[in-house]
Amino acid sequence: MSSVLDTYARNPISFNRGEGSYLYAENGEKYLDWVAGIATNILGHCHPHVVKAIQDQSKKLIHVSNAFIIKEAESLAKRLTDNTFADKVFFCNSGAESVEGAIKIVRKYFHTIGKLEKNRIIAMSGAFHGRTLAALFLANNKSHTEGFGPKVDGFDQVAFGDHEALKKAINKNTAAIIAEPIQGEGGIKTLPDYCLKGLREICDEHGILLVFDCVQTSFRTGTLLGFENSGISADLCCVAKGFGNGFPIGAILLTNEVAKVMKHGSHGSTFGNNLLACAAAHAVLDIVLAKGFFEEVKTKGEYFDKELKKLKDEFPKIIEEVRGINFIKGFKLKVDNNDFMSKLMKHKLLVVKASENCIRLFPSLLSTIDELDMGIKIIKKTCEEMN
Ligand SMILES: Cc1ncc(COP(=O)(O)O)c(C=O)c1O
């Protein structure tokens, strides 16, 4: 009997080693890992550069209080602002914490500029923004909020991708719109570029803030932040997961205009700016910001998409739709996603479940074509078995 609170439906398997795209079970069996810690190990397991950065930093200093200047966090924030829309960064530890912080900053912004009535945020149906109370009621997914009332107020939801409904939902109390560029938990549902551009236009027209939750999408879209393919800019952006390649880190990226309202004591986090987290994130940026990295992600992503679509064409009774872009991909299935996943696992491929009877495929961005082919071959074999 486990002493860990039983909040997860776990597979009866445990891994004790990871290397690149592979996980090794206690009995020595090798699995191709397209769970990637749920879109977290973007560079595969135990990437040597990330491991070395954490090791080296751990010998110098692990943690120091935010009462002092932390140069590693300063330089990390500088790299992020140099390479994105943002002018400032707040570091925290997880995706939910970054969403929670973004909600606070949106409210504080309108409070500070004297528009106290603007205190509601519009989210999309099917969204997932994390498990803290405000993040839960922001997304308002009944299966997650059940039993956790009273409801945290200040959030409205509109149907995913319905611009007319969105326009109607905006009123004098609306402060911001929050969206995932691709809904991960929601079933790899992509907001097309014209929708993202439309969101920016609506926000500008109404003088409200645009917040992107890129916790799951970052890097995998072939860009640093998940909305950048659209060419638009955000006011705030939440990130976490892949930024530490498995080491916990989250961040809120924001513009100077919004950042100006946050003063000493407005927000905080003991572990935010932690030195090991900064070391891991610096190491990730060393790799992803190297010349040609994202071009290669996009080239491999196109290949991946083409091969997945071939499977859909070959097995129309199994696969309903191929979703997502580059390395944030998924299938909407016609057969039960749990059955499909169990079969993939028997053939040593690990994938993640999502809403709408989907599975999510998160290969390491450093996967070779051979490794992508290996996973595709296992999916094909599974389709043949279930056909
Ligand atoms: C889009 C999005 N936002 C927020 C979160 C919450 O992140 P965390 O689990 O690190 O709190 C997730 C987690 O899956 C996510 O996908």
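How do H11 and H13 lie relative to each other, roughly parallel or roughly antiparallel? The first close-up gives the answer. Before looking, keep in mind that this is a predicted model, where local features need pLDDT of at least 70, side-chain atom pairs count only at pLDDT 80 or more, and totals for chains, interfaces and linings use all residues. Residue numbers start from 1 along each chain as its sequence is written.

**View 1. Helices H11 and H13 pack against each other.** Here H11 covers residues 293-314 and H13 covers residues 369-386; helices (H or I, at least four residues) and strands (E, at least two) are DSSP runs, numbered from the N terminus. Their axes sit 11 Å apart at an angle of about 15°. Axes are lines fitted to C-alpha atoms, for helices over the stretch in contact, and angles run from 0 to 180 degrees between N-to-C directions. H11 and H13 are therefore roughly parallel to each other (angles under 35 degrees count as roughly parallel, over 145 as roughly antiparallel).

**View 2. Side by side, H11 meets H13.** From H11 come Lys 300, Tyr 303, Phe 304, Glu 307 and Leu 311, and H13 brings residues including Ile 369, Leu 372 and Cys 383. Contact here takes C-beta atoms, placed from the backbone, within 7 Å. Sorted by class, the contact has eight nonpolar residues, three charged ones and no polar ones (Ala, Val, Leu, Ile, Met, Phe, Trp, Tyr, Cys and Pro count as nonpolar, Asp, Glu, Lys and Arg as charged, and the others, Gly among them, as polar).

**View 3. Four strands make an open sheet.** Follow the order E1-E2-E3-E15, and expect mixed pairing. Strands E1 (15-19) and E15 (349-350) are the edges, each pairing on one side only; pairing takes at least two bridges found by DSSP.

**View 4. Two hairpins share strand E2.** E1 and E2 run antiparallel over four bridges, with Phe 15 opposite Ala 25. Two residues lie between these strands, and Gly 20 has a positive phi near 55°. On to E2 (22-25) and E3 (30-33), which pair antiparallel over three bridges. Tyr 24 faces Lys 30, while Tyr 22 stands opposite Leu 32. Four residues separate E2 from E3, and Gly 28 in the turn has a positive phi of about 90°.

Note on methods:
Parallel < 35°, antiparallel > 145°, perpendicular 65-115°, else oblique. Contact = placed C-beta atoms within 7 Å.
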